[in-house]
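Me: Got a model to go through. Can we start with the pockets and then look at the helix packing?
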Amino acid sequence: FQSLLENEIKIYHTLKDSSLLFPRIINSGSTNKYQYMVNYCLGPSLTAVRKLLPDRRYTISTGLRLGIEMLRCIEELHKYGIIHRDIKPSNFLIKASRANPISLIDFGLAKSYLDEEGDQHCEPREKAGFVGTPKYASLNSHECHDLSRRDDLISWWYSLVEILNGSLPWGDLTEKREIYQMKLTCDYDKICSYLPKEILSIRRCILQYSFDSEPNYSLL
């Protein structure tokens, strides 16, 4: 826990000059018993709100607008050379701002995707281990491959489908292996049958990215 919090504090300091898409860190430190971090109180999360809605889902209009705002947060994070590695609706908090209505949080698993010099994309590790939340993790994460920007976007896509549909087909599963198998064999056309056809196009676009591809965020 301590190393995760230390990493999160480091990330927040890296993002301190960014636009208002992330909470501002107010203070951090440690006592004899605890390590702590203080930032602005935001919320509720997109998940908390969704569970209060009829059919536990957002309308198409609201869901698509939220998807765009979520993608803005991810793009901004990537501009700082950082991947999140745990993108999910509960890590996006609502705030009172029309210009920047949501904030991305929880950077305990985040890391730089650049090399030590900070000017080139790093090379993938041969075996990286699973990282993230199984429900939203990319197939690369399930297969223990190193993650990059494309994997944040796949997790964003799963999140978008969930807030629009109200659930994911594997949402009630708890075993990573079962979730992985369902993601492999799932009929994505059927999942998205009531959604705009562009949702499937977005998934196909993301899946074409290589490990070090720079995503076309504006296209998405």
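Me: How much space lies in the largest pocket?
Reply: About 210 Å³. This is a predicted model, where local features need pLDDT of at least 70, side-chain atom pairs count only at pLDDT 80 or more, and totals for chains, interfaces and linings use all residues. Residues are numbered from 1 along each chain as its sequence is written, and side-chain values use heavy atoms, with hydrogens and water left out.

Me: What counts as a pocket or a cavity here?
Reply: On a 1 Å grid over the protein atoms alone, a pocket is an open set of points with protein on both sides within 12 Å along at least five of seven lines; a cavity is a set where a 1.4 Å probe fits but cannot get out. Lining residues have an atom within 4 Å of a point. Points join across faces, edges and corners, and a volume is the space filled by probe spheres set on them.

Me: Which residues are closest to the centre of the largest pocket?
Reply: Gly67, Ile68, Leu71, Trp156 and Leu220, out of 14 lining residues. H3 gives the largest share of the lining, 6 residues. Helices here are DSSP runs (H or I, at least four residues), numbered from the N terminus.

Me: And the second largest pocket, which helix gives the largest share of its lining?
Reply: H5, with 4 residues. That pocket holds about 170 Å³. Its lining includes Arg150, Tyr158, Tyr188 and Arg203.

Me: Switching to packing. At what angle do H3 and H5 cross?
Reply: Roughly 160°, for H3 (residues 60-79) and H5, with axes that come within 10 Å. So H3 is roughly antiparallel to H5 (angles over 145 degrees count as that). Axes are lines fitted to C-alpha atoms over the stretch in contact, and angles run from 0 to 180 degrees between N-to-C directions.

Me: Which residues make the contact?
Reply: Among them are Gly63, Gly67, Leu71 and Ile74 of H3, and Leu153, Trp156, Leu160 and Ile163 of H5. Contact means heavy atoms within 4.5 Å.

Me: How many cavities of 30 Å³ or more does a search of the whole structure find?
Reply: It finds 1. The largest cavity has a volume of about 70 Å³. Of its 14 lining residues, the closest to its centre are Arg85, Asp86, Val131, Ala137 and Ser155.

Definitions and conventions. Helix = DSSP H or I, 4+ residues; strand = E, 2+ residues; numbered from the N terminus. Parallel < 35°, antiparallel > 145°, perpendicular 65-115°, else oblique.
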